[in-house]
Amino acid sequence: MIKNELWPKMNEAIVAGDRAAAAALAGDAVRSGLDLLEVIERGYVPGIEKVGELWEQGEYFLPELISSAEAMKAAMAVLEPELNRKNIGARMGGKVVIGTVEGDIHDIGKNLVASMLQAGGFEVFDLGADVKLERFIEKAEAVGAGMICLSALLTTTMTNQRRLIGLLRDKGLRDKYKVLVGGAPASRKWAEEIGADGYAENAVAAVKLAKSLAGRA
Amino acid sequence: MTPPLLDLVKTRTVLLDGAMGTELMARGLAQGVAPELWNVERPEVVKGVYAAYFAAGADVVSTNSFGGSPLKLAAHGLEGRAYELNLAAARLAREAAPAGRYVAGSMGPTGKFLKPQGPYAVEDFAAVYAEQTRALAAGGVDVLLIETQYDLREALAALHGARSASPLPVFVTMTFNANPRGYFTLMGDSAARSAAELEKEGVGAVGANCTLTSEQMVGCVRALKEATSLPLIAQANAGQPTIGADGRVGYSQTLEDYVRFVPEIVRSGAGFVGGCCGTNPSFIRAMARAIQEERS
């Protein structure tokens, strides 16, 4: 199949959240010997970006975002082993450690951000909910992450976002990581106040922000 | 004799309560502790909050059982105590309620997803809501209040679960975001569709809570009103949370700004009004005055 036909089909598979089609098209691309990084960037990434636009316009909601992120994962699951075989990294975004801060068991928003970041080309290490602050740092250090994303749904736990930044400072590690905060009570103002590197209002905005902080947008 | 709540709302605006969790935290509930635990460990404190809302003029107080779903309590290792904690929540509210006032049995969302987004089947959700309902009903609530629902499918499962366990009237509030196309839940259920579906399933009252400011709530109530003839519930947040330099949590809407929109919420068709995050007994007292003035 020629590329000009393939790109729109890949695009559609992601927008429609069609996992089977997304994976099958990735298989076609591998068999045709296409440049797989180009396949990701021109075939699939525009699809996930379109999904983001539809969300912002109020056309898409959480179920559609999840389906599209799953379709993206299915395509990447086909492409990544091929890229790895050629020693090419498919995760251009770098590594991200994410979790809901200690004392807070809410994880819907965090899970969505994790999925969308993964779909957006980041390698995501999801520590879950109610994560001890030290764990974020240990994990980030262990895997060589560039970004730490902190979620909090409660006004009483969002202060742990501030504490994590303090903890990084104490350890002399503050400049090593970009720290992103999110969750219902968080805001841009809050992010500025606690010295975070950024705040995103939703999963789509989080991917944009992460890409721009990673120098990819 | 006290008239049933659904009869009372035909005659006048009924005042609900405001936030519970933040009131308990102001009284020392530590971060990460399930608020429902205090129904057993610090019953006098929980009862004190109920009493403060009744004293402020609330006709109805909702029980301290928002997170009392066995599925939610499991995150605290308390799932085995769901019945006990919900029963205590209801009993304390009943004890705190003066004659002629009401108790609503609060049931918040499970925090989990149904298939295909999550691992749960509709029957699983119905079963946990049924379990919570049994305890709240045994504790003497007047109505069941399924609150802050972000998925219409969960709300319907909750309704069916509650029905299977008790003949009490069921009220449902969903939480809607204001988006460019109107008011929608996280899962994409519009206010109109939610109200229509819930009415078809026979809920006693339907409405919106949380997320929206009192100003945004006016538009949401109008959208609900167009879709249903049921009594409407409105419990707005006091805007967005903010954290001051001293580390104290505040909300972007002041009491005055919040209450300013209450008459319009009532005029738009809400029969039951109260507060949500960021509100406290002072807000309810001011709302009682606003409603009184509206009436006279």
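The structure is a predicted model. The two chains meet through 18 residues of chain B and 17 residues of chain A. In chain B, strand S8 (residues 205-213) is largely enclosed by the rest of the structure, because 9 of its 9 residues are buried.

**Contact between the chains**

- Chain B contributes 18 residues to the contact, and chain A contributes 17.
- On the side of chain B that touches chain A, 9 residues are nonpolar, 8 are polar and 1 is charged.

**Helix H3 of chain A**

- Helix H3 covers residues 36-56 of chain A, and its 21 residues should span 30 Å at 1.5 Å a residue; the end C-alpha atoms lie 29 Å apart, which agrees with that expectation.
- The buried residues of H3(A) include A:Leu36, A:Val39, A:Ile40, A:Gly43 and A:Tyr44, together with A:Gly47, A:Ile48, A:Val51, A:Gly52 and A:Trp55.
- An α-helix has 3.6 residues a turn, so residues three or four places apart point the same way.
- The cover over the buried residues of H3(A) includes helices H1 (3-15), H2 (19-31), H4 (62-85), H5 (108-119) and H9 (203-213) of chain A.
- Just after H3(A), A:Gly58 adopts a positive phi of about 80°.

**Sheet of chain A**

- Chain A holds an open sheet of 5 strands with parallel pairing, in the order S2-S1-S3-S4-S5.
- Strands S2 (123-126) and S5 (198-199) of chain A stand at the edges; each has a single partner strand, so one side of each is left without a neighbour in the sheet.
- The partner of S5(A) is strand S4 (residues 178-182) of chain A, and the two pair in the parallel sense over 2 bridges.
- Within this pairing, A:Val181 stands opposite A:Tyr199 of S5(A).

**Strand S8 of chain B and its partners**

- Strand S5 (residues 170-174) of chain B runs parallel to S8(B) and is joined to S8(B) by 4 bridges.
- B:Met174 stands opposite B:Ala208 of S8(B).
- Strand S9 (residues 232-237) of chain B also runs parallel to S8(B), with 5 bridges between them.
- B:Asn209 has B:Gln235 of S9(B) as its bridge partner.
- Helix H10 (residues 214-227) of chain B forms a right-handed β-α-β unit with S8(B) and S9(B).

Key:
Residues are numbered from 1 along each chain as its sequence is written. Chains are lettered from A and ligands numbered from 1 in the order in which they are written. This is a predicted model: local features need pLDDT of at least 70, side-chain atom pairs count only at pLDDT 80 or more; totals for chains, interfaces and linings use all residues. Two residues are in contact if their C-beta atoms, placed from the backbone, lie within 7 Å. Ala, Val, Leu, Ile, Met, Phe, Trp, Tyr, Cys and Pro count as nonpolar, Asp, Glu, Lys and Arg as charged, and the others, Gly among them, as polar. A residue is buried if 20 or more other C-beta atoms lie within 10 Å of its own, exposed if 12 or fewer, and partly exposed in between; C-beta atoms are placed from the backbone. Two strands pair if DSSP finds at least two bridges between them. A crossover is right-handed if, with the strands pointing away from the viewer, the path from the first strand over the helix to the second runs clockwise. The expected span of a helix is 1.5 Å times one less than its number of residues.
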